[in-house]
Amino acid sequence: MARVFNFSAGPAVLPEAVLAQAAEEMLDYGGTGTSVMEMSHRSKAFIDIHARAEADLRELLVIPKNYKVLFMQGGAAGQFGIIPMNILGDKTSADYVNTGQWSAKAIKEAKKYCKVNVVASSEDQNFSYAPPQSAWKLDTNAAYVHYTSNETIGGVEFNWIPETGNVPLVADASSHILSRTLDVARFGLIYAGAQKNIGPAGLTIVIVRDDLLGKAAAITPEVFNYKVQAEADSMINTPPTYAIYIAGLVFAWLKKQGGVAALEKANIAKAQLIYDYLDQSEFYQSPVAKSDRSRMNVPFRLKSDTLDDAFLKGSKAAGLVELKGHRSVGGMRASIYNAMPIAGVQALVDYMSDFEKKQG
Ligand SMILES: *Cc1c(COP(=O)(O)O)cnc(C)c1O
């Protein structure tokens, strides 16, 4: 078996122990004689899987009782439209912070449903930083304030939680949920596609405060209606059963590692290893402001773009894959989610150092 270190931004690396357990249980889950994939979502075995996944996620993020956890489909991008449909209520506008490609997509979609006020932006410096709270021009009449708490492509992460007064704060936390401790009570809604830091594609997690339920526009499809799904334990229709099962295994794995605080410590060490290396090197360069660098997604450039192909070819041969930057920005990007061991980051830094010596 030849496992590589996979730096993909998503779908991304999963803990090996989780994959091994899934393999072990593939043909016969818990003596049922069936795979989880083949089970009715109404069966006792699956309802237990679902309930344990939710309970473990609640425990990991210390989610208060007045928040619902929904297991939905349609991806984080689906939520770009599902959120305004559900929580605008009788308001006609929402505030958005524009920090890069994902927030731009969220803004574009929200414009179909309401007036969008872009209340802060980092466009002036090519989306390389998180606009400070003092630069946010919030509207107290907005239905909610939306921001992308970790920009997966640009590698910009908010390491602070914005203050929005009585206006609910909404975060697209797709690429850093569970990577750091989080005060959920500061948010109205947190959402994340699972395929970055949780599990397989096809599952979208929504954590929503009770008072935001019940405001959905009449045209909202039932499967995308938060209140309807909350009342049906996210099972108004067939949920993505296998993705929920794997996510549940990941949650159990996270608990075994010591929970989110322990993971955060490991993530800080991993990020420091690579950023320290980038900073002392004249050959590599990080485009992101130091204070706002993502612990999960690390974009970097080589001294010359003409070396990119050689870098990627050599890294692949060294068992380090998916390092090519997003097609829109070029360069490199190393995504180092929870499931990436520090040995993988060390192997990457060693390779970068060798490459620099040969080419620099
Ligand atoms: C990947 C990503 C998305 C899109 O997720 P899908 O599940 O593909 O819809 C949205 N926002 C952020 C921050 C992401 O990283």
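Q: In this predicted model, how far is an oxygen atom of the ligand from an N or O atom in the side chain of Thr152?
A: Thr152 is among the residues that come nearest to the ligand. A polar contact is a pair of N or O atoms within 3.5 Å. The pair formed by a side-chain N or O atom of Thr152 and an oxygen atom of the ligand is separated by 2.4 Å.

Q: Which residue has a backbone N or O atom 2.8 Å from an oxygen atom of the ligand?
A: The residues that come nearest to the ligand are Ala77, Thr152, Asp172, Gln195 and Lys196. The backbone atom at 2.8 Å belongs to Ala77.

Q: Which helix gives the most residues to the shell around the ligand?
A: The ligand has 13 residues around it. By class, four are nonpolar, seven are polar and two are charged. The helix that gives the most, with four residues, spans residues 75–87 and is α3.

Q: Is α3 parallel, perpendicular or oblique to α4?
A: Two packed helices are described by the angle between their axes and the distance between the axes. The axes of α3 and α4 (residues 101–110) come within 8 Å and cross at roughly 45°. Angles under 35 degrees count as roughly parallel and 65 to 115 as roughly perpendicular, so α3 is, relative to α4, oblique.

Q: What is the handedness of the crossing in which α1 passes α6?
A: α1 (16–24) packs with α6 (residues 241–256) at an angle of about 130°, the axes being 9 Å apart. That angle makes α1 oblique to α6. The crossing of α1 past α6 is right-handed.

Q: Where is Pro11 placed?
A: Most peptide bonds are trans. The bond from Gly10 to Pro11 is cis, with omega near -10°. Pro11 is placed in the loop between β1 (5–6) and α1.

Q: What is the phi of Leu178?
A: Leu178 is found in the loop between β8 (169–172) and β9 (189–193). Most residues other than glycine have a negative phi. Leu178 has a positive phi, near 70°.

Terms used
Residues are numbered from 1 along each chain as its sequence is written. This is a predicted model: local features need pLDDT of at least 70, side-chain atom pairs count only at pLDDT 80 or more; totals for chains, interfaces and linings use all residues. Side-chain values use heavy atoms; hydrogens and water are left out. A residue is near a molecule or strand if one of its heavy atoms lies within 4 Å of it. A polar contact is a pair of N or O atoms within 3.5 Å; within protein, one must be able to donate a hydrogen and the other to accept it, and residues adjacent in sequence count only if both atoms are side-chain atoms. Helices (H or I, at least four residues) and strands (E, at least two) are DSSP runs, numbered from the N terminus. Ala, Val, Leu, Ile, Met, Phe, Trp, Tyr, Cys and Pro count as nonpolar, Asp, Glu, Lys and Arg as charged, and the others, Gly among them, as polar. Axes are lines fitted to C-alpha atoms, for helices over the stretch in contact, and angles run from 0 to 180 degrees between N-to-C directions. Angles under 35 degrees count as roughly parallel, over 145 as roughly antiparallel, 65 to 115 as roughly perpendicular and the rest as oblique. A crossing is left-handed if the near helix is turned anticlockwise from the far one by less than a right angle, and right-handed if clockwise.
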